[in-house]
Amino acid sequence: MAKKSMIEREKKRIRLEKKYALKRASLLKEYNNEKNFKEKLAIHSKIQKLPRNSSKIRIRNRCWKTGRPRGVFRDFGLSRHVFREMAHQCLLPGVTKASW
């Protein structure tokens, strides 16, 4: 089980990303369309003034059950440990153990 503070920090990052998504997208579009170098620098400084945690790249996939940050299956949102346990208990529809 992950620390509660890490899980809450991740929730805060998701909340900030949603809050600043439109502003960040408009600034990035404006930055990419700008030809003048000085104007690009001004727009870039505006982007840098946004909170770091509002960037989408800082959000980490976590297991919804344990909060584990590594080894997470995107399709299920579970870490590999929890996925294995739930698959053995037949709690995941359509998942069967491989045998050959």
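Is Cys63 buried or exposed? With a relative accessibility of 4%, Cys63 counts as buried, where buried stands for under 20% relative accessible area, exposed for over 50% and partly exposed for what lies in between (1.4 Å probe, protein chains only). The structure is a predicted model, in which local features need pLDDT of at least 70 and side-chain atom pairs count only at pLDDT 80 or more, while totals for chains, interfaces and linings use all residues. Residues are numbered from 1 along each chain as its sequence is written, and side-chain values use heavy atoms, with hydrogens and water left out.

The number of disulfides in the structure is 0, a disulfide being a pair of cysteine sulfur atoms within 2.5 Å. A disulfide is a covalent bond between the sulfur atoms of two cysteines. Cys63 takes part in no disulfide, and the nearest cysteine sulfur, that of Cys90, is 19 Å away. Seen from Cys90, the closest cysteine sulfur is the one in Cys63, and the 19 Å between them is too far for a bond. In contrast to the buried Cys63, Cys90 is exposed, with a relative accessible area of 66%. Cys90 follows helix 3 and has a positive phi, near 60 degrees. Helices (H or I, at least four residues) and strands (E, at least two) are taken here as DSSP runs, numbered from the N terminus.

Helix 3 spans residues 80-88, and its buried residues are Val82, Phe83 and Met86. These residues lie on the same side of helix 3, because they cover an arc of only 100 degrees around the axis; the arc is that of the directions from the helix axis to the C-beta atoms. The cover over the buried residues of helix 3 includes strand 1 (72-73) and strand 2 (78-79), with contact meaning heavy atoms within 4.5 Å.

Phe83 of this buried set has a relative accessible area of 15% and belongs to an aromatic cluster together with Phe73 and Phe76. The count of aromatic pairs comes to 2. Rings of Phe, Tyr and Trp (its six-membered ring) are paired if their centres lie within 6.5 Å, and planes under 30 degrees apart count as stacked, over 60 as edge-to-face and the rest as tilted. In the pair of Phe76 and Phe83, the ring centres are 5.1 Å apart and the planes stand at 50 degrees, so the pair is tilted. Phe76 is partly exposed, at a relative accessible area of 31%, whereas Phe83 is buried.

Salt bridges were counted as a side-chain nitrogen of Lys or Arg within 4 Å of a carboxyl oxygen of Asp or Glu. The count comes to 3 salt bridges. One of them joins the side chains of Lys11 and Glu8 at 3.4 Å, N to O. Lys11 and Glu8 are 3 residues apart in helix 1 (residues 4-33), so about one helical turn separates them. Lys11 is partly exposed, with a relative accessible area of 45%, and Glu8 is partly exposed, with a relative accessible area of 45%.

Glu10, Arg13 and Arg62 are linked in a network of salt bridges. About one helical turn separates Glu10 and Arg13, because they are 3 residues apart in helix 1. Both Glu10 and Arg13 are buried, Glu10 with a relative accessibility of 5%. The side chains of Glu10 and Arg62 form a salt bridge at 3.7 Å, N to O. This pair links distant parts of the chain, with Glu10 in helix 1 and Arg62 in the loop between helix 2 and strand 1, 52 residues apart.

Helix 2, at one end of the loop that holds Arg62, comprises residues 37-49. A polar atom of the Arg62 side chain lies 2.5 Å from the backbone oxygen of Gly67. A polar contact is a pair of N or O atoms within 3.5 Å; within protein, one must be able to donate a hydrogen and the other to accept it, and residues adjacent in sequence count only if both atoms are side-chain atoms. Leaving aside residues up to four places away in sequence, Arg62 touches Ala2, Met6, Glu10, Gly67, Arg68, Pro69, Val72 and Gly77.

Arg15 is a further residue of helix 1. Arg15 counts as exposed, at 55% relative accessibility. From Arg15 to Asn32 the separation is 17 residues in sequence and 26 Å in space, C-alpha to C-alpha.
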